[in-house]
Amino acid sequence: MIIFIRKIPAATKASELIDFVGPALKGGLFRKSGRITAVKILALQDKRLNTLEFHGLVSVEPDAVGIRAIRKLKGSRFKGKLIIVRQYFIRDWHKDPRQNPRRVVDKNILDRRINDRRRGNDLEIIKDISEQFSSSGDFVRKSP
């Protein structure tokens, strides 16, 4: 599972994301603990407003621990800034009813949607800055 952390500060390091998400992955007496397999920090530029957004993607195994971590991290602050934490979904254009006209879609729903809800046309990935701010440590934490 990939945890999406939205609106992180600009100078965030991958090691800081690991330290933020890591305690939420610890298991309790009867709960399984998880591990972080990968961390990415993305810089996105909104072409309309000419602004930069920074988001973190943290891959967690197993999925049940990822769901538990999202619940724990929702509504929390990261480096003094309120963030949004949710599951990251990889979209498939095959399942998008706007891209696949052969699927039968309720006409009332199509008439209600004047504009596309996604900002895909206005957003551009500048670069994956994970390597720029990453630490030399391993992503998988060894248990003591």
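Let us start with Ile3. Leaving out residues up to four places away in sequence, Ile3 touches Val21, Gly56, Leu57, Val58, Val60, Gly66, Ala69, Ile70, Val85 and Arg86. Contact here means heavy atoms within 4.5 Å.

Before going on, a word on the source: this is a predicted model, where local features need pLDDT of at least 70 and side-chain atom pairs count only at pLDDT 80 or more, while totals for chains, interfaces and linings use all residues. Residues are numbered from 1 along each chain as its sequence is written, and side-chain values use heavy atoms, with hydrogens and water left out.

Ile3 also belongs to the largest nonpolar core, which has 25 residues. A nonpolar core is a set of buried Ala, Val, Leu, Ile, Met, Phe, Trp, Tyr and Cys residues joined through side-chain atoms within 4.5 Å. Buried means under 20% relative accessible area, exposed over 50%, and partly exposed in between, with a 1.4 Å probe and protein chains only. Which members touch the most other members? They are Ile3, Ile5, Ile8, Val21 and Val58. Two or more residues each come from β1 (2-6), α1 (14-21), β2 (35-46), β3 (51-61) and α2 (63-73). Helices (H or I, at least four residues) and strands (E, at least two) are DSSP runs, numbered from the N terminus. The most, 5 residues, come from α1. In soluble globular proteins, nonpolar side chains tend to be buried together.

Next, helix α2. Its buried residues are Val65, Gly66, Arg68, Ala69, Ile70 and Leu73. They pack against β1, α1, β3 and β6 (84-87). Just after α2, Gly75 has a positive phi of about 80 degrees.

Now the charges. How many salt bridges does the structure hold? There are 3, a salt bridge being a side-chain nitrogen of Lys or Arg within 4 Å of a carboxyl oxygen of Asp or Glu.

One joins Lys79 and Glu16, at 3.1 Å from N to O. Lys79 sits in the loop between β4 (77-78) and β5 (81-82) and Glu16 in helix α1, so the pair ties together parts 63 residues apart in sequence.

Another joins Glu61 and Arg35, with the closest N and O atoms 3.1 Å apart. Glu61 is in strand β3 and Arg35 in strand β2, 26 residues apart.

Arg48 and Asp46 also form one, with the closest N and O atoms 3.9 Å apart. Are these two residues buried or exposed? Arg48 counts as exposed at 55% relative accessibility, whereas Asp46 is buried, at 2%.
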